[in-house]
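Student: I'm new to this one. Could you walk me through reading its charges?

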Amino acid sequence: LMIRRPPRSTLSSSSAASDVYKRQSFPPGLTAQQQVTLGDDVTLRIGGILSATAFWQDAMFLPGNGQQANIVATELEDSWYGGDARNMRLNLGFEKGNVLDGWSAKATFEMDFFGVFPAPGAFTDEQPGPRLRLAYADLTNGRTTVRVGQDWSLTLGNVPVSTSHVGFPFGWGSGGFIGWRFTGVQLHQTLSAPEAPVTAQLQLGVFKGSWATSDPGDGPDPGEAGIPQLEAKLKLGGTTADGTWGAYVAGHFDRKNLNGVREAGEPELEDDDLDGWALEGGANLTRGRVTVQGNAYVGRAMGHHFASLIQFGDIGSWGVWGQVGLGLDEAKRWSLWLFSGTERPDESDVRESGNERLSSWLVVPMLRFKAGPYSMGLEVHHNETTY
């Protein structure tokens, strides 16, 4: 069950979507927001999701249960049920026009409640912790955008449609869906003319390195001891007589120094670098009542992007997923969806790196009702993981 609404307000409102809403912060077709004028030509757009999921499971999942469930961790002799509201999300978008000869400034902040629970106990699962998702600033003239801050990596492509798995989409770590958020600098450049029938945009990004670490988070890990993550993405899109289409290709390279950083005076160790790379492509098509979308990737040492069944090491892997949606009525208030995906690490790499998950596939049918910002769905999530 999910609803997204603007708050009641006597202030001016607008339905124009900001850049963050045109991207993938929210599932398509579920956008509502309030625009507030702050003065001095500054506007604030407020958006978010109110989400609740009731679930029944016959297994324990990774990276968590309920709205996080993707990979089977342990089969159970019994079943259990519960509720989850951690997909609750708040998004703030600030904008000031013409700060520098036709350039506008924008800033985006987004949070949800998938942070860690404060402690074990009877009451903690009703008090989930907030978590920072996005925090970045843009300088843009409409065709060129310079972005600084924490944003999605360019490996994040199409997002599966779901009423329960919004913060942790289907296939993330279990079925070919990869990508994560990192602090970095990006350049987005529109290549097509304003009235071109096919739009084209080139995106380049340099993100901080990342890898498995026992440090609580603010000390250097092996990824940050190497070179930054380098990514590029080409996006194409257009319209048909009764729909839209889009496609993209993306590439990634990073180098982790597995020795980490050394203290002054310590002897230098022999190089122990691990290169991570990925090639990815995806497409989507909406025509009439039908929606089709999917992604595929191949790569190596990409556990920090939820690849390789979220396993860290010198592991090659590939994954692919697809989803089909069919509107059952002309207004598409009732629709049927089917998601399926698989993740396939190299078996010998998994064993040599001391990991244990060898393969995964999942299938999720969904019946959805949607009316404006309100949607409600019934999903059956089946995953099979080989250990």
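Tutor: Let's begin with patches: they are made of residues with over 30% relative accessible area and no salt bridge, with like charges joined within 9 Å and nonpolar side chains (Val, Leu, Ile, Met, Phe, Trp, Tyr) within 5 Å. Mind that this is a predicted model, where local features need pLDDT of at least 70, side-chain atom pairs count only at pLDDT 80 or more, and totals for chains, interfaces and linings use all residues. Residues are numbered from 1 along each chain as its sequence is written, and side-chain values use heavy atoms, leaving out hydrogens and water.

Student: Which residues form the negative surface patch?

Tutor: Asp58, Glu75, Glu77, Asp78 and Glu384 do. Strand β5 (residues 71–84) gives the most, with three residues.

Student: Is Glu77 buried or exposed?

Tutor: Buried means under 20% relative accessible area, exposed over 50%, partly exposed in between (1.4 Å probe, protein chains only). Glu77, in strand β5, counts as exposed because its relative accessibility is 81%.

Student: How many salt bridges does a search of the whole structure find?

Tutor: Side chains of opposite charge can pair when their charged atoms come close. Here a salt bridge is a side-chain nitrogen of Lys or Arg within 4 Å of a carboxyl oxygen of Asp or Glu, and the search finds 16. Take Arg45 and Glu95, whose closest N and O atoms are 2.9 Å apart. Arg45 sits in strand β3 (residues 42–51) and Glu95 in strand β6 (residues 89–100), so the pair ties together parts 50 residues apart in sequence. Arg45 is buried at 10% relative accessibility, while Glu95 is partly exposed at 22%.

Conventions
Areas by Shrake-Rupley, 256 points an atom, 1.4 Å probe, with all protein chains shown as cover. Lys, Arg positive; Asp, Glu negative; His and termini not counted. Charge placed at Lys NZ, Arg CZ, Asp CG, Glu CD. Helix = DSSP H or I, 4+ residues; strand = E, 2+ residues; numbered from the N terminus.
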